[in-house]
Amino acid sequence: MELELKGITKRFGSLLANHQIDLTVAPGQVHALLGENGAGKSTLMNVLYGLLQPDEGEILINGQAVSFASPRDAIAAGIGMVHQHFMLVPVFTVAENVTLGIEETGLAERDGAPSYLRFLAGALKLAGVLDRRRTRRDVRELSRRYGLDIDPDVMVENLPVGIQQRVEIVKALVRNAKVLILDEPTAVLTPAETEDLFRIIRQLKDGGTSIVFISHKLREVQAIADTITVLRRGAVAGDKPPTATEDELAAMMVGRNVQLRVSKTEAKPGPAVLDVDGLTVADETGRVWVNEMSFQVRAGEILGVAGVQGNGQTELCEALMGLRPTIAGTVSLNGRDLTRATPAQRLRAGVSYVPEDRQEDGLIGAFSVADNMVLDQYKQPPFASGIRLNLDAIAANAATRVKEFDVRTTSAQTPVGTLSGGNQQKVILARELGHEHKVLIASQPTRGLDVGSIEFVHRRIVEQRDRGVAVLIVSAELDEIYALADRIAVMYEGRITGFRPPTVPAEELGRLMAGGTEEAPGPGPEAATTEAAPEAGIPGASQ
Amino acid sequence: MTITERVPTVLDSAAELVSPFRRWLAPASFLLLGLIDIFVLGTFSHSGDATFAFSGALDTVTVPNLTLAAAVTCYVCGGITIALAAAWAFLPFGLVVRRVTIAVVVFLFIVSLLCWADAGLSTSFSIVNLLQGTLAGSIPIMLGALTGVICSRSGVINIAIEGQLLFGAFTAAIVASGTGSLWLGLLSGALAGSLVAALLAVFAIGYRVDQVVLGVVINTLILGLTGYLYDGVMIPYQNTLNSPATFSAIKIPLLGDIPIIGPVFFDSTIFLYLTYLALAGVQVGMFSTRWGLRTRAIGEHPVAADTVGIRVTSMRYRNVIAAGVIAGVGGAYFTIGSVGSFGKGMSSGEGYIALAAMIFGRYAPFGAVAAALLFGFSTQLQSILSTLNTPIQSNLLLMTPYIVTIIVLAGLVGKVRGPRAEGIPYVKG
């Protein structure tokens, strides 16, 4: 089946998410869609899958124009999609998830069944009673054919993300997908899981299925694609064969040359400032996210915590800030026990915190830039005297900081929620670095930022280190870890699987990120580990 | 610094992480109950025996009465309860053992309570009456809870069960009385329940009004509306519009003759049989059919359901409105199943109890019905005990079943996780 998109244009208000995009996917090919976050890849695919209607342009299948009012139409036309955030019901089994929407009912027909059995089958079908046996059999068969290794009876929430992704693929295959869209499929995978996915993609391709592979990771795209289409700012920047060099692709993606390295001198670590010993953190359901973790961060060094997202990094940071109770272990700062301290006590003790989710946890969107800059100090002089806020001092503080941190805003009274991601992050940094601190904890500090902001944030973090602050960076981007860390700790399932110097090869880190149990070194160079894409933003353009 | 040398122990069960309060809550409350068994109920029993009757005078097969020495029984029950409390505290009990233990402790407490109440009285205490009353009295709560299960599983919080019961009761009474047909009354009661549900659906699903606020508003609306109509229409025409007949009991042949079980389960009005039917229907429907799978999907992850072509909004409308029929029948029980006339606010909060039963029952049909029966039992016990000549204020002691319920459920059920999308209106795109 040949799929063609012609002149697709999609607007969200004044934002042009897709502009006159042409794309042809040949049968049995892996067609990569490469672009930064916000380049319009997901929007385009949501148009193709019937989740969004294009403002202009048309979709052709085998030369015939089609229109998809809903995913139902797209599925019927043979298009399947594996979303970046899986569309699986966590409390359903694999079989239930696969069958949802196209349920088999009644009893599977068997040759020579006695008539009363056939009558029973008919009655059950009429009542809509599920035929679980048939669904299970279908899942097992597809699983065997493509080497997916899926048990139909396991609850999806108990499966690792790599397997959940396979369930999504089976969902599409059961619906006879001829074109399979994979939206950022490797974002949540370990290098080994990525390797498995690539094997499956090749098998599907050999079976005649076309794959649209969406990614912002150059090496993966080079490794798997037959054709590469690069998107930039909502428009096609060009097509390239997979033999194109990384530099060529990167330049096309970003539109200018990229420099991700931060210049920094050798660290001169002092005594340990932050000491974490045997820390164990669980959530309300009793699931353990951080399991007897022990590490120290010394003054004047950056400890980078690497790992695939969802291995307890978020919980670790929240526990260190007192936002989540700890089950066991201690946290101390310069020998002072902070294990039971409230977040306010920790801030006063000299911990600065840049949270992972800046809109949710870092800022109050409706408050002004100036107010957000004193969220942690509004009670103290000079910003307050008694019960009265000193508005002049708050405004003066904002004026200085906006200049110092190069926050691009029309005024300090602008609601912070209206700023771009990079400028929001600068506001947080301005606040957190503005009070006296000995430790800086920064979680995913540059997620979703444009190249310029990334550089700015990185420079500030290194500057803190040079001033003697103990810095803890948590990041899922290995490039960021390499650029910043003086020492790397790899986190896997709530534990540290190893400490390494920043000179360690990416394959070794990949092995540790997958639990470190495999003897064989990590998978080939196409692995997710060496991804080099900066992230520029038209925030909100990608779904 | 190196990786910590200890082999990390994976905490295999959540039990180890439970806070000390949680850990000691169950054994402590068992101990308290055991002490009450012995020192309150045992010590203050009238000397003499308690007699329990298990069959009525007219039963074809009869079971002999059971006579127990009241004080001694209380002491024995209390002793066993305290032993169980100690075992719970110091032995590693599995899930099944825990549940059985809780059931046993509650049972022993009730036995002690009944011994204390009946000790030294000449009349025997009819266990069959107690259970029969429990089942019949729980009908509106059971049906309301089943309605709640369907709505919640579809992703809509139905606080308006109370209103559905009340409007069902009102409509059934006025129609049955006016037309003289009980069946028409039942049917219109059911429709009344789904009419209230339609109101809920339009505002909750269509206009995305906050569902908790909306539910309470609907309940208040129905309370006011039925009250107004009662004063305006029913009082002046009491004989024609508010004196419906009531359904009489139907005894199921054979099954109804089994001692104890027969009179309790198989000798009742059509309402109890409809409840069985609703329970079986919701259970099978929810977990074995296409409808159930889709319903659970739109309540858990509507976006996922949408991407596989399920029409989330229209399915929620259909489910909420259809489920209203069940609560409507439950409401009709008040008037044409039991009392025989409508009274202002006669559902008296049972819709809210149904809601609690649904949550305690973990959004499962059987769990919800079991929880509903527990509440019904407490109510029935109170009404029977108040007719016996008990030594102290029965109201006081009868708070204990509720307290037990809360403690036991806090200790046993723990945190109930409802459908993830419950109460969140679905917005496409």
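**Close-up views of a predicted two-chain model**

The C-alpha centres of domain 1 and domain 2 of chain B lie 31 Å apart. In this predicted model, local features need pLDDT of at least 70 and side-chain atom pairs count only at pLDDT 80 or more, whereas totals for chains, interfaces and linings use all residues. Residues are numbered from 1 along each chain as its sequence is written, chains are lettered from A and ligands numbered from 1 in the order in which they are written, and side-chain values use heavy atoms, with hydrogens and water left out.

**View 1. The two domains of chain B.** Domain 1 of chain B covers residues 17–123, and domain 2 of chain B covers residues 132–412. These bounds come from an automatic or database domain assignment.

**View 2. A three-stranded open sheet in chain B.** The strands of this sheet follow the order β2-β1-β3 (chain B), and their pairing is mixed. Strands (E, at least two residues) and helices (H or I, at least four residues) are DSSP runs, numbered from the N terminus; two strands pair if DSSP finds at least two bridges between them. At the edges are β2 (66–69) and β3 (125–126) of chain B, each of which pairs on one side only. Strand β1 (residues 49–53) of chain B is joined to β2(B) by four bridges in the antiparallel sense. Within β2(B), B:A69 is the residue opposite B:D49.

**View 3. A four-stranded open sheet in chain A.** Antiparallel pairing links the strands of this sheet in the order β12-β11-β14-β15 (chain A). Because β12 (288–298) and β15 (336–337) of chain A stand at the edges with a single partner strand each, one side of each is left without a neighbour in the sheet. Five bridges connect strand β11 (residues 272–282) of chain A with strand β14 (residues 328–333) of chain A in the antiparallel sense. A:L274 has A:L333 in β14(A) as its bridge partner.

**View 4. The hairpin of β21 and β22 in chain A.** Strand β21 (residues 487–492) of chain A pairs with β22(A) in the antiparallel sense over five bridges. A:V490 faces A:G498, a residue of β22(A). Two residues lie between the strands of this hairpin. A:E493, in the loop between β21 and β22 of chain A, has a positive phi of about 45° although it is not a glycine. Most residues other than glycine have a negative phi, and most peptide bonds are trans.

**View 5. A cis peptide bond in chain A.** The peptide bond between A:P381 and A:P382 is cis, with omega about 5°. A:P382 is placed in the loop between α13 (369–372) and β17 (384–385) of chain A.

**View 6. The interface of chain A and chain B.** Contact (heavy atoms within 4.5 Å) takes 47 residues from chain A and 32 residues from chain B. About 3,200 Å² is buried between the two chains, and carbon and sulfur atoms give 63% of this area. Buried area is the accessible area (1.4 Å probe) that two parts lose on being put together, summed over both. In chain A, the residues that lose the most area to chain B are A:R72, A:M87 and A:E292, together 18% of what that side buries.

**View 7. Salt bridges between the chains.** A salt bridge is a side-chain nitrogen of Lys or Arg within 4 Å of a carboxyl oxygen of Asp or Glu. Side chains of opposite charge can pair when their charged atoms come close. The whole structure holds 31 salt bridges over all chains, and the count between chain A and chain B is three. One of them links A:E96 to B:R296, with the closest N and O atoms 3.7 Å apart. Another salt bridge brings together the side chains of A:E157 and B:R420 (3.9 Å, N to O). A:E157 lies in the loop between α5 (132–145) and α6 (161–174) of chain A and B:R420 in the segment after α18 (399–412) of chain B, so this pair joins two chains.
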